[in-house]
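Here is a short note for a colleague who is new to this structure. Please read the points with the model open beside you.

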Amino acid sequence: MSVRAVARRDFRAARRSRSLWAVATVLGVLMAVLGYSFQGYQTTPIQSFQQLFRQLTAFLMLLLPIVALVASYMSIAGERESGGIKFLLSVPNTRRDVFLGKLVSRLAVVSAGVAFLFATAVAGGYARNGVLPLELIVGVFVVTLLYGATFVSIAVALSAGVAARSRAIASAFGSYFVLVLLFVVPGLSIASIVRWVHQTLLGFERNVDLYNAITYVSPLTAYRQGTNMVFPESLAQSVFQRPEEAGELPAYLAEEVSLLVFAVWLVVPLAVGYLRFRGADLE
Amino acid sequence: MAAIRTRGLTKEFGDLIAVDDLDLVVEEGEVFGFLGPNGAGKSTTINLLLDFIRPTSGSVEVLGIDAQAAPATIRERVGVLPEGYGFDDPLTGRENLEWVIETRHADDDPDELLALVGLADDGDRMAKSYSKGMQQRLSLAMALVDDPDMLVLDEPTTGLDPNGIQQMRSVIRERAENGTTVFFSSHILSEVEAVCDRVGVMSEGKLVALDSIEQLRENAGGQATIHLTCASSPTALGESVEAIDGVASATVEAETLVVDCLDPSVKVDVVTHAAERATITDITSETVSLESLFNDLTDGGRDAEAAASEPTTDGQEVPQ
């Protein structure tokens with residue numbers, strides 16, 4: 001197994017990236033300030049801390065995919081463009097070693113970044129409120145790591161399938177648009193498109209939970225639902241739009257299903273990306 | 001067992017046939033020069049050997065192992081200086097070398113290898129900032145790690161200064177003497193001449209020659225031309241020289257007699273014969289130059305094609 005050799009080399013190079021340190025520093029300071037300055041309205045310290053974390057997830061929901069995509073989109077495409085891949089494959093490595101090594105390294109980089117942001121936010125929040133709700137912190141941290149990991153996997157998989165920077169950039173942008181923006185911009189969301197096709201174009205009866213189920217395919221929705229598992233009921237976000245008469249939430253929209261959504265996004269793109277990489281001509 | 005064996009190896013890129021039904025055997029322990037003009041299919045063949053790209057049809061075996069089935073096993077025993085590489089990572093020359101040593105679980109001394117390729121004082125600089133020639137030296141050092149059974153070097157002298165080429169040659173020779181098979185490509189025939197046991201010449205994806213350089217020379221006609229400058233026009237001499245065994249032709253150009261011999265040894269006969277009958281003021285002799293041999297084999301490479309497709313100035317002249 002020389003996954004380690006590839007991962008260690010890549011991680012070492014990442015540690016020397018000035019831009020990476022710059023981004024981490026800026027975001028870290030931002031998190032600390034946010035953590036310290038945030039105060040709920042007429043709340044106990046513990047509630048204030050919980051609300052801070054609720055805000056934090058709303059922020060990371062949009063930011064973390066960008067961080068993960070930027071950190072990973074050139075992971076393999078860059079080696080193919082520069083020709084560095086020839087050295088990686090001139091020692092006893094297989095393409096699988098290169099693919100997994102890059103994945104492991106970028107997962108480590110992004111996870112370390114998330115851990116750093118959490119540490120600074122917690123430090124700020126603790127300094128202000130004097131409480132440390134460990135269970136909540138760890139819970140949100142784990143779900144956030146999963147969320148970040150899905151975007152690292154997607155970016156590495158896309159990166160493995162292309163040989164040039166321009167195409168790697170295009171695919172990273174494309175995935176942010178399709179997986180994030182299409183799920184948050186009102187009026188241009190996947191739910192409203194599906195609703196329009198289903199009702200206006202095809203003339204079906206309104207089926208709210210069908211639209212909700214389709215919304216749930218995004219890691220973004222999974223993150224919002226997934227964090228609901230770890231926040232107290234009072235701070236749960238209503239992720240899905242459901243009228244009163246729709247009744248109980250169907251099982252397939254449950255919070256726990258978010259783990260399945262993450263799992264699919266972790267596995268499927270990687271499998272497809274690896275197969276493409278395995279069969280590619282690396283020139 | 002052959003070090004390299006390809007069977008009907010073909011690689012197409014769209015409409016372009018880069019390598020066309022190639023059958024090539026390189027024996028273990030030999031130094032093999034892989035020649036051809038730019039775009040002849042040399043690098044494509046090497047990339048196929050190393051499983052960087054996949055054949056359209058046919059198969060490749062390296063050290064008896066199928067290149068696609070077990071590329072990592074092959075890479076354990078082969079040192080590679082690839083073509084079109086890049087040092088993009090922020091690692092120094094020594095760190096790049098150390099990485100190869102660690103990955104190969106070898107015990108080479110990085111400083112020793114750096115000194116061997118003439119980079120003793122540059123190990124702590126970023127490989128990215130090296131000149132092309134220095135990167136080429138570093139790549140060679142990386143290929144030499146763990147004393148592999150075979151070296152595959154793709155255009156190893158690119159960007160090297162004469163001193164570097166000299167050093168490269170002596171390293172190749174030294175390793176070959178210890179039994180390492182060396183397979184290297186070049187588009188400069190004279191470069192190969194000094195070190196190779198055998199050469200293969202590629203042209204437009206096909207192997208057009210495969211032999212030792214001496215044998216290639218002989219097969220190309222083995223011609224030797226001798227110019228005899230005489231005191232007076234040697235018209236009569238020309239006819240009598242033509243009758244000598246082994247003389248292909250004799251032509252008179254003013255005071256000079258130009259004799260094409262089928263074999264270099266005939267030149268002596270010609271000179272003896274001529275000296276008895278005329279006053280010779282100068283003798284020059286030439287064997288087929290490697291360059292013209294190379295041009296013959298590859299039809300002049302790309303330049304010939306370009307020349308053929310453009311109308312020459314002569315052709316445009318209208319006779320008055």
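How many Å separate the centres of domain 1 of chain B and domain 2 of chain B, taken over C-alpha atoms?

1. **Two domains in chain B.** The model is predicted. The centres of the two domains of chain B, taken over C-alpha atoms, are separated by 43 Å. The domain assignment gives domain 1 as 2–218 + 292–317. Domain 2 is given as 223–287.

2. **Overall form of chain B.** Chain B has 13 helices and 14 strands. Its radius of gyration is 25 Å, well over the 20 Å that the globule rule gives for 320 residues, so chain B is more spread out than a compact globule. Along the principal axes, the C-alpha trace spans about 75 × 45 × 45 Å.

3. **Burial, contacts and surface in chain B.** Of the 320 residues, 50% count as buried. Take the contacts in chain B between residues at least 6 apart in sequence: 66% of them join residues at least 24 apart. The accessible surface comes to about 14600 Å². Carbon and sulfur atoms account for 46% of that surface.

4. **Charge in chain B.** There are 22 positive and 60 negative side chains in chain B. The centres of the two sets lie 6 Å apart.

5. **Chain A, a helical chain.** Chain A has twelve helices and zero strands. Its radius of gyration is 21 Å, close to the 19 Å that the globule rule gives for 283 residues, so chain A is as compact as a globular protein of that length. Its C-alpha atoms fill a box of roughly 60 × 55 × 30 Å along the principal axes.

6. Of the 283 residues of chain A, 49% count as buried. Among its contacts between residues at least 6 apart in sequence, 81% join residues at least 24 apart. Chain A exposes about 13400 Å², and carbon and sulfur atoms supply 65% of it. Chain A carries 23 positive and 15 negative charges.

7. **Helix α1 of chain B.** Why is helix α1 of chain B described as largely enclosed? Eight of the eight residues of this helix (residues 42–49) are buried, so the helix is largely enclosed by the rest of the structure. The buried residues include Lys42(B), Thr44(B), Ile46(B) and Leu49(B).

8. Phi of Asp51(B) is near 65 degrees, which is a positive value in a residue other than glycine. Is Asp51(B) buried or exposed? Asp51(B) is buried, with a relative accessible area of 2%.

9. **Ala254(B), another positive phi.** Ala254(B) is not a glycine, yet its phi is positive, at about 55 degrees. The residue lies in the loop between β12 (247–253) and β13 (256–261) of chain B. At 56% relative accessibility, Ala254(B) counts as exposed.

10. **Met126(B), a loop residue in contact with chain A.** Met126(B) is in the loop between α4 (110–116) and α5 (132–144) of chain B. It is partly exposed, with a relative accessible area of 33%. Which residues does Met126(B) contact, leaving aside neighbours within four places in sequence? They are Arg16(A), Pro90(B), Leu91(B) and Thr92(B). Met126(B) and Ala254(B) are 128 residues apart in sequence. In space, the two are 63 Å apart, C-alpha to C-alpha.

11. **Leu81(B), a buried strand residue.** Leu81(B) belongs to strand β6 (residues 78–81) of chain B. At 0% relative accessibility, Leu81(B) counts as buried. Not counting residues up to four places away in sequence, Leu81(B) touches several residues, among them Gln136(B), Leu140(B), Val152(B) and Pro156(B). Leu81(B) and Gln136(B) are 55 residues apart in sequence. In space, Leu81(B) and Gln136(B) are 8.1 Å apart, C-alpha to C-alpha.

Key: Residues numbered from 1 in each chain as written. Chains lettered and ligands numbered in written order. Predicted model: local features only at pLDDT ≥ 70, side-chain atom pairs only at ≥ 80, totals over all residues. Heavy atoms only, no water. Helix = DSSP H or I, 4+ residues; strand = E, 2+ residues; numbered from the N terminus. Rg over C-alpha atoms; globule rule 2.2 N^0.38 Å. Buried < 20%, exposed > 50% of the residue type's maximum accessible area, 1.4 Å probe, protein only. Contact = heavy atoms within 4.5 Å. Areas by Shrake-Rupley, 256 points an atom, 1.4 Å probe, with all protein chains shown as cover. Lys, Arg positive; Asp, Glu negative; His and termini not counted. Charge placed at Lys NZ, Arg CZ, Asp CG, Glu CD. Domains from an automatic or database assignment.
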